[in-house]
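Colleague: I would like to learn how to read a protein model. Could we take one and go through its features in turn?

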Amino acid sequence: MNRKGGIFSQEPIKEYISHSDPLAVKQIEKVLSVYLKEAGSRPIVVVCIGTDRSTGDSLGPLVGMKLAAKQLTRFHVYGTLADPVHAVNLNEKLENIHLEHQNPFMIAIDACLGRTKSVGSFQIGKGPLKPGAGVQKSLPEVGHVHINGIVNVSGFMEYFVLQNTRLNLVMSMANVLAEGLSHLEKSAGWQQRHVTPIQRLTGRM
């Protein structure tokens, strides 16, 4: 679980999409397709962070499990219920990802707490997320693009709040996000454009 930026945060502008919006799957696909154009020919890795030991924090592994079941061919998925990516093993998992994939473009997914009106929404933005910040843990930043799933309200006894988040909400959000990513993976809306060998080596597009 990570912490959202405050009212006066200098973070880049982010897109908010409610999981209950009938067009949520299409909106997720549309927003992410813009960011994926920057990936070039780099391998795309989806890192689903969280643990099933906490209801609210299980969003990432649930999404990962659903994506793995779809047997995607263009996205490499890390973090499932059976093999989660969490605070204890995050550094090791990131090392493995970089060993397996040359200069990967990473989409990071994690649960977070936020304002009451934002609960049930996805916050999508450019740049990494900071897993563990919401529960005062120092962990490496992850992702070139991040997706925060706002599963409950922040502000007081946040670890307890995360533990007592409704599973129905988390499952519903996981279903929508997994569908959005699955549609994106199959979409022609983003095309990995041709890059030169120099660009491929340096990661500069």
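Predicted model: local features only at pLDDT ≥ 70, side-chain atom pairs only at ≥ 80, totals over all residues.

Colleague: Which way do the residues of β5 point, and are they buried or exposed?

Modeller: In a regular strand the side chains alternate between the two faces of the sheet. In β5, Phe105, Ile107, Ile109, Ala111 and Leu113 point one way and Met106, Ala108, Asp110, Cys112 and Gly114 the other way, and all are buried. Buried means under 20% relative accessible area, exposed over 50%, and partly exposed in between (1.4 Å probe, protein chains only). Helices (H or I, at least four residues) and strands (E, at least two) are DSSP runs, numbered from the N terminus. Because 10 of the 10 residues of β5 (residues 105-114) are buried, the strand is largely enclosed by the rest of the structure.

Colleague: Which strands pair with β5?

Modeller: Two strands pair if DSSP finds at least two bridges between them. Strand β3 (residues 44-48) pairs with β5 in the parallel sense over five bridges, and valine 45 has methionine 106 as its bridge partner. β5 also pairs with β7 (residues 145-153), again in the parallel sense, over eight bridges. There, aspartate 110 stands opposite asparagine 148.

Colleague: Which residues of α3 are buried?

Modeller: An α-helix has 3.6 residues a turn, so residues three or four places apart point the same way. In α3 (residues 90-100) the buried residues are Leu90, Lys93, Leu94 and Ile97. They cover an arc of only 100° around the axis (taken from the directions from the helix axis to the C-beta atoms), which puts them on the same side of α3. Glu95 and Leu99, on the other side, are exposed.

Colleague: Which residues touch the most other members of the largest nonpolar core?

Modeller: In soluble globular proteins, nonpolar side chains tend to be buried together. A nonpolar core is a set of buried Ala, Val, Leu, Ile, Met, Phe, Trp, Tyr and Cys residues joined through side-chain atoms within 4.5 Å. The largest one has 39 residues, of which Leu32, Val63, Ile124, Ile147 and Leu181 touch the most other members. Its largest share, nine residues, comes from α5.

Colleague: Where does threonine 165 lie?

Modeller: Threonine 165 is in the loop between α4 (158-163) and α5 (167-186). This residue is buried, with a relative accessible area of 4%.

Conventions:
Residues numbered from 1 in each chain as written. Heavy atoms only, no water.
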